[in-house]
Amino acid sequence: MKTVAIIGAGLCGATAAAKLVRSGHNVAVFDKGRSVGGRMSSKRTDAGYLDMGAQYFTARSETFQRQVQSWLEVGCVEVWNCNTASLADDEGRSALDSSPDQQLRYIGTPSMQAPVKAVLAGIPVLTNCRIHALQRQGPGWTLIDDSGARHTGFSSVLLTVPPAQAEQLLVNSGLPGMLTAQDSLLEPCWAVAVRTDATTSPDAIFCQHPRLRFISHQATKTGRSRCYVLHFNAEFSRDHLDQPADFWFGQAVDVLQSALGIEGVIEPVAAHRWLYASQNPALEPPGIIALPDGNLWLGGDWSYGGRVENAWLAGLDLAANVIRYGNR
Ligand code: FAD
Ligand code: NAI
C-alpha cells in the first residue's frame, strides 16, 4: 500500500489526510507545532482558550456547508452568535458603529483547532517535527527533519505550508524555482490578547483603521477566556514586525481606550506574531501547484484566496491529485 507524506497539520493537511485514508491510502502527517491546527489555533490559559489565529469561519460552498453541518452534529463546531460592528477612523477620530448582518459564522469548540482534531482522529501525526528537506529516492521520497532524522518510504508528498516556508524547504531540497507562487502571498499579523473587566458591547469588530483589522471579544465563544483579541493589519504589523510584546500590549491598550472608550485596568495576556497570516489581496491565488511526474503537490488556503474554507477545499483537491496521478 502507498504511503503519502503530508507536511502541515492545519485544516488543509488534515482534510487531505482524511480523504486519502478514506480512499485506501496510508498517510503520515508531520507538523512543526506542538499540536495540530496551524493557523486555527487557540492558546490554553487558566481561564479558558484564547483564539489567537482564525476567529471564526464562514461556509459559502455547498460542499463545505455539508462538512460544517457534520461538525455541528458531532459538537466540535458551533455557530458564533456575535454582535458585529465596524470601526472606522477618520483623520484620527474613531467611529464605532453597530453593523448587524445575517452571515452565519462558525467557531471550533472548545477551541479553534477542534474541527482539525476531529478530521485527524485515528490518523498518525508526528508533531514537534519540522521537515527541513525532501530527497528523491528512486520513485519515492525521504523526508529529513530538523534533527537530521530521516523518514522514508513515501510514494507522494503533499506540502501544505505557507508559500515562503514551502520555498525554503524546496531550496533545501535542491528544488528551487518550483514554487510559482510568490513568497509575499501571505502577509503578517500581530495578534494581541488583553483582559479587562469592562462590559463589552460588540464582540466582532471589523476595522477600517490605520493599525487594526479586527477586534473580537471571546466572551460569547464557548470555552474561551474573557479577553479581547486584537488583530493588527498587515501594513502596521509589517512595519513593526520585530517590536517586542510590550510594544503590542501598549498599542492594544491605546486602541481599546481611544477607539472603544474602555476605562480601567487592561491587563496584558498574550501576543503572537504570525509571519504568514492573510492573503495579500493584490496577488492572484495560484491554485494547487504540482511537480510534474514527481508525485509532489503544494497547496493551502493560499491556493484559493485564504480563509478556513479555502484551506479545506485545497486539502480535498490535493488528495484528489494524489488519487488521480499518485500511482504512476
Ligand atoms: P496552516 O494552518 O498555516 O497549516 C500549515 C501547517 O504547516 C502549520 O501547522 C505549520 O506548523 C506547519 N508547518 C509549516 N512549516 C512546516 C515544516 N517545515 N515542517 C512541518 N510542519 C510545518 N480565516 C478565516 O476563515 N476566518 C478568520 O477569521 C481568520 N482569521 C485569521 C486570523 C489570523 C491572525 C490568522 C493567522 C489567520 C486567520 N484566518 C482566518 C486564516 C485561516 O486561519 C487559514 O486560512 C487556515 O487556517 C489555513 O489552513 P492551512 O492548513 O492552509 O495552513
Ligand atoms: P465575513 O463575510 O464575515 O467577512 C468578510 C469581510 O466582509 C470582512 O473582512 C469585513 O471587511 C466585511 N464584513 C463582513 N461582515 C461585516 C459586518 N457585519 N460589518 C462590517 N464589515 C463586515 O467572513 P469571510 O469572508 O469568511 O472572511 C473571513 C474573515 O477572516 C475576514 O474578516 C478576514 O478579514 C479575516 N481574516 C483575517 C486574517 C488576519 O490575518 N487577521 C487572515 C485571514 C482572514
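The model is predicted, so local features need pLDDT of at least 70, side-chain atom pairs count only at pLDDT 80 or more, and totals for chains, interfaces and linings use all residues. Residues are numbered from 1 along each chain as its sequence is written, chains are lettered from A and ligands numbered from 1 in the order in which they are written, and side-chain values use heavy atoms, with hydrogens and water left out.

Start with the overall layout. The chain is divided into two parts: domain 1 covers 1-36 + 120-182 + 286-328, and domain 2 covers 44-111 + 186-279. These bounds come from an automatic or database domain assignment. The C-alpha centres of domain 1 and domain 2 are 29 Å apart.

Now look at where the domains meet. Contact means heavy atoms within 4.5 Å. By that rule, 14 residues of domain 1 touch 13 residues of domain 2. Together the two domains bury about 1,100 Å², with 65% of it on carbon and sulfur atoms. Buried area here is the accessible area (1.4 Å probe) that two parts lose on being put together, summed over both. Three residues stand out on the domain 1 side. V308, E309 and W312 supply 46% of the area that domain 1 buries against domain 2, more than any other three residues.

What about polar links across the interface? Between domain 1 and domain 2 there are six residue pairs in polar contact, both residues at pLDDT 80 or more. A polar contact is a pair of N or O atoms within 3.5 Å; within protein, one must be able to donate a hydrogen and the other to accept it, and residues adjacent in sequence count only if both atoms are side-chain atoms. A salt bridge is a side-chain nitrogen of Lys or Arg within 4 Å of a carboxyl oxygen of Asp or Glu.

Which helices build the domain 1 side? α4 (163-172), α7 (301-304) and α8 (308-325) each supply at least two residues of the side that touches domain 2. Helices (H or I, at least four residues) and strands (E, at least two) are DSSP runs, numbered from the N terminus. α8 gives the most, with four residues. The residues on this side of domain 1 divide into eight nonpolar, three polar and three charged. In this grouping, Ala, Val, Leu, Ile, Met, Phe, Trp, Tyr, Cys and Pro count as nonpolar, Asp, Glu, Lys and Arg as charged, and the others, Gly among them, as polar.

Turn to the salt bridges. Side chains of opposite charge can pair when their charged atoms come close. The whole structure holds 10 salt bridges. One of them joins R39 and D301, with the closest N and O atoms 2.8 Å apart. R39 sits in the loop between β2 (26-30) and β3 (42-45), while D301 is in helix α7, 262 residues away. For exposure, buried means under 20% relative accessible area, exposed over 50%, and partly exposed in between (1.4 Å probe, protein chains only). R39 is partly exposed at 24%, whereas D301 is buried at 7%.

A second bridge pairs E267 with R195 at 3.6 Å, N to O. E267 lies in strand β18 (residues 266-279) and R195 in strand β14 (residues 186-196), so this pair ties together parts 72 residues apart in sequence. E267 is partly exposed at 39%, and R195 is partly exposed at 24%.

R307 is partly exposed at 36%, but E309 is buried at 3%. Elsewhere, D51, K221 and R224 are linked in a network of salt bridges.

Finish with three single residues. G13 is found in helix α1 (residues 11-22). Is G13 buried or exposed? G13 is buried, with a relative accessible area of 0%. Not counting residues up to four places away in sequence, G13 touches I6, G8 and T160. G13 and T160 are 147 residues apart in sequence, yet 5.7 Å apart in space, C-alpha to C-alpha.

N295 lies in the loop between β19 (289-291) and β20 (296-298). N295 is buried, at 10% relative accessible area. The side chain of N295 reaches the backbone oxygen of S155 at 3.2 Å.

A245 is in helix α6 (residues 245-258). A245 is partly exposed, at 31%.
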